[in-house]
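Here are my notes on the model you sent over.

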Amino acid sequence: MVSEGKVCQQDQLFRFHDSDVANNKSIKLAAKKGTRIMFIGGEPLNSQVLMWWNFVADNKAEIEQSIIDWNNGHERFGNVDSDMKRLPAPELPRGFKG
């Protein structure tokens with residue numbers, strides 16, 4: 001996908017900033033047939049949000065618990081009908097702040 005000269009490769013997150021749409025500026029996208037695009041927006045959250053791997057949480061302890069639960073096949077993540085091997089979640093990097 002291409003937007004305003006920026007290229008987003010397959011399976012990459014592409015983030016627009018407020019400055020990208022300042023003064024009612026439009027965003028133009030070009031993508032190959034079959035590309036899926038999802039826009040998420042709204043007012044900023046009032047609290048800190050942490051992200052690591054596939055997890056989003058309010059604090060470091062929740063992220064750590066998510067890693068444990070994922071790696072142990074906890075039911076809260078559901079079951080994916082696939083022949084592919086489930087990837088283990090990596091540990092938090094040293095210095096991860098939460």
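1. Ground rules. This is a predicted model, where local features need pLDDT of at least 70, side-chain atom pairs count only at pLDDT 80 or more, and totals for chains, interfaces and linings use all residues. Residues are numbered from 1 along each chain as its sequence is written, and side-chain values use heavy atoms, with hydrogens and water left out.

2. The largest pocket. It holds about 1700 Å³ of space. A pocket here is an open set of points on a 1 Å grid over the protein atoms alone, with protein on both sides within 12 Å along at least five of seven lines, and lining residues have an atom within 4 Å of a point. The volume is the space filled by probe spheres set on the points, which are joined across faces, edges and corners. There are 28 lining residues, and L13, F14, R15, M38 and I40 lie nearest the centre. By class, that lining has 15 nonpolar, seven polar and six charged residues. For the classes, Ala, Val, Leu, Ile, Met, Phe, Trp, Tyr, Cys and Pro count as nonpolar, Asp, Glu, Lys and Arg as charged, and the others, Gly among them, as polar.

3. The second largest pocket. This one has about 260 Å³ of space. Its lining includes W53, W70, K85 and R86.

4. W53. Besides lining that second pocket, W53 has a phi near 55 degrees, a positive value in a residue other than glycine. Most residues other than glycine have a negative phi. W53 sits in the loop between β4 and β5 (55-57); strands are DSSP runs of E, at least two residues, numbered from the N terminus. Its relative accessible area is 34%, so W53 is partly exposed (buried is under 20%, exposed over 50%, partly exposed in between, with a 1.4 Å probe and protein chains only).

5. The salt bridge. How many does a search of the whole structure find? One, and it joins the side chains of D69 and R76 at 2.9 Å, N to O. The criterion is a side-chain nitrogen of Lys or Arg within 4 Å of a carboxyl oxygen of Asp or Glu. D69 counts as buried at 11% relative accessibility, whereas R76 is partly exposed at 45%.

6. A nonpolar surface patch. L45, V49, M51 and V56 make it up, with about 430 Å² of accessible area together. Patch members have over 30% relative accessible area and no salt bridge, and nonpolar side chains (Val, Leu, Ile, Met, Phe, Trp, Tyr) are joined within 5 Å, like charges within 9 Å. Areas come from the Shrake-Rupley method with a 1.4 Å probe, and for residues only the protein chains shown count as cover. V49 is in the loop between β3 (29-30) and β4 (50-52) and is partly exposed at 37%. M51 belongs to strand β4 and is exposed, at 62%.

7. G42. Is this glycine buried or exposed? G42 is exposed, with a relative accessible area of 68%, and its place is in the loop between β3 and β4.

Methods: Helix = DSSP H or I, 4+ residues; strand = E, 2+ residues; numbered from the N terminus. 1 Å grid on protein atoms, 1.4 Å probe; cavity = no way out; pocket = protein on both sides within 12 Å on 5 of 7 lines; lining within 4 Å.
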